[in-house]
Amino acid sequence: MDDFYREIILDHYKNPIYKGKLESSDYEFEDENPLCGDFLHIELKTDDKGIITDARFDGHGCAISMASADMLLETLIGKSVEDVKQLSKQDILDLLGIELSPVRLKCALLSLKVAKAAAYELEEAHDDLVE
Amino acid sequence: MKSLIKDDEIARQFPILKEPIHQNKRLVYLDSAATAQKPLAVIQSMNAFYEHTNANIHRGIHALAEAATEAYEIARAKTAAFIGVSDARQIIFTRNTSESINLIAYTWGREYLKKGDLIVLTEMEHHSNLVPWYMLAEEKELSIEFVHVNDDGTLDMQHYHDLLQRKPKLVSFTHMSNVLGTINTAKEMTRDAHTAGAVVVIDGAQAVPHFSVDLTDLAPDFYAFSGHKMCSPTGIGVLYGKMDLLNAMPPFMGGGDMIKKVTFEGFSTNDVPYKFEAGTPAIAEGIGLGAAVDYLESIGMDAIFAHEKELTQYAFDVLADVKGLQIIGPSAGERGGVVSFTLEGIHPHDVAQILDSEGIAVRAGHHCAMPLHQRFNIPATTRASLYLYNTKADLDALRLGLDKVIDIFA
Ligand SMILES: Cc1ncc(COP(=O)(O)O)c(C=O)c1O
């Protein structure tokens, strides 16, 4: 348990670096996890080569969903929008570094789903985005 | 009132409560509002049925078929008596509260509600007492109004009476809130709705398991509850209805048992309650419900309620000085054994996960009452809910668990 709430996860939850809003963004998306009421909004800013130069998230949810959003955005800066499309479930699990039950997996993967939906400029998020 | 229930005397009658969880932790089960644990007597009643009596019911004249039918009908009669109903035909067996409410919507509602009619619900309803009406309203172009919930978690009675002035055709409300613990003044609300000319449905899912309910006294038109929240198996629930309404209503699902006669031209329906019970029902579960009624009566509903009242007060006491903890709903004295709360800066899922690691089972989320959470402007709560087998030690464990949660997030 004390493992589950690893220092790094709590740190990102309590002191998020990428929480907030951008002045202007090129990609954005929001979605929720109806089971928990977690809500997440992600904004990405890119340069003319499609490289992500800045990112922010906003929302509310459990430590896992919020920390995963913060950790994910941290890794996205400097990557291309195409890279975001290639992200997999395992990338998020590697970031968090913990084992998750099926229910909590949904919390962890909300950020991936929202980021990918933003990158694909979708109107609606689909579960297969997280595979 | 002093609790008549001795500390863990009751808990010992529930096999699951004796099993350790997470290898070596004592299970502290505080999720009975979701489903109750089952005493040995109930589990054994179902085993005994399968070992000695199993056969289909209401058909066949062999010895087992007759014994099974009798056992099932005895369970129906016990259930009727348990809620103050003398005519067991008024007890329709369903799967659960949700199915009971859907049954009303699909049969009575479809037959008797017309475009433009008003349904009155409340802001504290479970999705089970919302969505069936939303579906019906969409189909029949009905309108729906919600009685406001006050900040203290009680219903706004002035608003209720204002809505009754608009002559709703149907009023449906929960007897006790599964989130706030609020016990509504069901008798007065029913009386006033009847005066306004409405048919009254009460969702008794959180009431029948916890305190004595007398439907002859309350006099609603329909009353729904689930077996599984009252120590009975899953898969069996009840819909009570007034006889004249049940007789006039069209059937629900079609199939075996619900017919009197079938020809190539059509069918005629069976009598109440069988008219509403198509197909082979949950026989063992129905018998298990009868055993749960016996079990609860052997302890006494008043003793159970007094015990829960005492524990609820104790829960308020042990939670009082937890930093950042806010209980929603009425004071301890005015609610049943449900305590939902928020902890500042910590999401209920994290609370529940850390408590789980200590062997404490609570529920986190919206508890199938999303609109109510919207009303209180909170996405989710953590809920500890109590039943006859809980003890003060369980609440002490909850307190220690919460201290750990705060410690981790500090
Ligand atoms: C007040 C209330 N109504 C309805 C239900 C639905 O019960 P079931 O899931 O057994 O249909 C519940 C429990 O979940 C409840 O607490």
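The model is a predicted one. In a regular strand, side chains alternate between the two faces of the sheet. Strand 8 of chain B spans residues 237-241, and five of its five residues are buried, so the strand is largely enclosed by the rest of the structure. Here, buried means under 20% relative accessible area.

Strand 8 of chain B has partners in the sheet. Strand 2 of chain B, residues 91-94, runs antiparallel to strand 8 and is joined to it by four bridges. In this pairing, Ile91(B) stands opposite Tyr240(B). Strand 7 of chain B, residues 222-226, also runs antiparallel to strand 8, with five bridges between them. There, Ala224(B) has Leu239(B) as its bridge partner.

An N or O atom in the side chain of Ser98(B) is 2.6 Å from a ligand oxygen. For His126(B), a polar side-chain atom lies 3.0 Å from an oxygen atom of the ligand. In the side chain of Ser226(B), an N or O atom is 2.6 Å from an oxygen atom of the ligand. On its own, the ligand has 390 Å² of accessible area, and the protein covers 89% of it.

Definitions and conventions:
Residues are numbered from 1 along each chain as its sequence is written. Chains are lettered from A and ligands numbered from 1 in the order in which they are written. This is a predicted model: local features need pLDDT of at least 70, side-chain atom pairs count only at pLDDT 80 or more; totals for chains, interfaces and linings use all residues. Side-chain values use heavy atoms; hydrogens and water are left out. A polar contact is a pair of N or O atoms within 3.5 Å; within protein, one must be able to donate a hydrogen and the other to accept it, and residues adjacent in sequence count only if both atoms are side-chain atoms. Accessible areas come from the Shrake-Rupley method with a 1.4 Å probe; for residues, only the protein chains shown count as cover. Buried means under 20% relative accessible area, exposed over 50%, partly exposed in between (1.4 Å probe, protein chains only). Helices (H or I, at least four residues) and strands (E, at least two) are DSSP runs, numbered from the N terminus. Two strands pair if DSSP finds at least two bridges between them.
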